[in-house]
Amino acid sequence: MITVQVWAEIRHLHVSEGLSVRAIAKQVGLSRVTVTRAVHSAGPPQYRRGSSSSAFDGFEVDVRRLLKATPSMPATVVAERVGWTGSSLWFRKKVAQLKPEFAPRDPADRITYRAGDQAQCDLWFPPVDIPLGGGRVGFPPVLVIVASYSRFITAVMLPSRTTPDLLAGMWLLLSEQLHAVPRRLIWDNEAGIGRRNKLADGVAAFCGALATKIVQLKPYDPGSRIQDPKELSNTLTSFWRRRLFPAAPSPL
C-alpha cells in the first residue's frame, strides 16, 4: 500500500502537471496499475505509519549544537566530536539533512513566477487586542495567502494554529477568494503543516484531494518568499486596523 504522501504526489502530477499514468509510474518508481488506482481513488489510502526512532536521535542535540557554531564542519569531524560509532554513511546522510538549517543566507537569489504556479502561506498575529467575546481579548492567528504571480493577497482569522484550522482556512481562501488552486502552496516550518519534510496528519490527504503540493521552505532561504515578513506585517496591520476599527465616514 502506498503512503498518503505518495498518493498526493501522484494526484498532483496527474491533475496539475498533466502527466500520463505511464510517465508518473516511471517518475515515482511504481507500477502503472498502482498509479492508475491512485489517480482514480476517491480518497487517500487508509494507512498510518507509526513513529520510529533511530540511534541518531540521541546524538541530534549535540550535532545541532556543533553545526550552529560551525555550519561547514565536515560530517566526519562531527561524528568524532559527538562520539558516533555506528554507520558513517547513515550519519553523513542525517547530518546532510540538518546542514541546510544552519547554512548562510544567499544574498543573490532571484526567482520568477508563473501564473497559477504557487501561492505563499503565512501566519500573522495582530499587534492589537482582538475582542473574543465574554469580555476577553487575544491575538488569534491570521492565515494569509499571497498569489506569487499576481500578488493578490487574502486573509482570514483562525481560532488556532492547529492543523484542522489551518486546512479549513486554506480551503476557505482558495475556494471563496482565489477561486482556484495553485500547483504549489509555499509554507515555512509551521508545526500544524509539518516539520522536517514530514507533513502533519491530514495535510497530505488535503493536498491530494485538491491535486496541489505543500512545499516547506528551508531555513535561511528568504529568496523563496514573495514578500518580506516585515513588509507583510505592516501591510496586514494597516488592513486589519481598518477592518476592526473603521474611521468615521467623511462628511464630504
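Predicted model: local features only at pLDDT ≥ 70, side-chain atom pairs only at ≥ 80, totals over all residues.
Reader: Is Thr-154 buried or exposed, and how do you know?

Author: Its relative accessible area is 6%, and buried means under 20% (exposed is over 50%, partly exposed in between, with a 1.4 Å probe and protein chains only). So Thr-154 counts as buried. Thr-154 sits in strand S5, residues 153–157. Across the chain, 38% of the 252 residues count as buried.

Reader: What is the angle between H4 and H6, and what do you call it?

Author: Helix H4 (residues 60–69) packs on helix H6 (residues 88–98) at about 55 degrees, with the axes 11 Å apart. Angles under 35 degrees count as roughly parallel, over 145 as roughly antiparallel, 65 to 115 as roughly perpendicular and the rest as oblique. So H4 is oblique to H6. Glu-60, Val-63, Arg-64 and Leu-67 of H4 make the contact with Phe-91, Val-95 and Leu-98 of H6. By class, those residues are five nonpolar, no polar and two charged.

Reader: And why do H5 and H6 get the label they have?

Author: The axes of H5 (residues 75–82) and H6 cross at roughly 105 degrees and come within 9 Å. H5 and H6 are therefore roughly perpendicular to each other. On the H5 side, Ala-75, Val-78, Ala-79 and Val-82 meet Phe-91, Arg-92 and Val-95 of H6. This contact has six nonpolar, no polar and one charged residues.

Reader: What makes up the largest nonpolar core, and which residues have the most contacts inside it?

Author: A nonpolar core is a set of buried Ala, Val, Leu, Ile, Met, Phe, Trp, Tyr and Cys residues joined through side-chain atoms within 4.5 Å. The largest one has 34 residues, and Leu-143, Met-170, Trp-187, Ile-193, Val-203 and Ile-214 have the most contacts inside it. A second, separate core has 14 residues, including Phe-56, Leu-67, Val-82 and Leu-98.

Reader: Which residues is Ile-193 in contact with, leaving aside neighbours within four places in sequence?

Author: Ile-193 contacts Leu-166, Met-170, Trp-187, Leu-199, Ala-200, Val-203, Ile-214 and Gln-216.

Notes. Residues numbered from 1 in each chain as written. Heavy atoms only, no water. Axes fitted to C-alpha atoms, helices over the stretch in contact; angles between N-to-C directions. Helix = DSSP H or I, 4+ residues; strand = E, 2+ residues; numbered from the N terminus. Contact = heavy atoms within 4.5 Å. Nonpolar A, V, L, I, M, F, W, Y, C, P; charged D, E, K, R; others polar.
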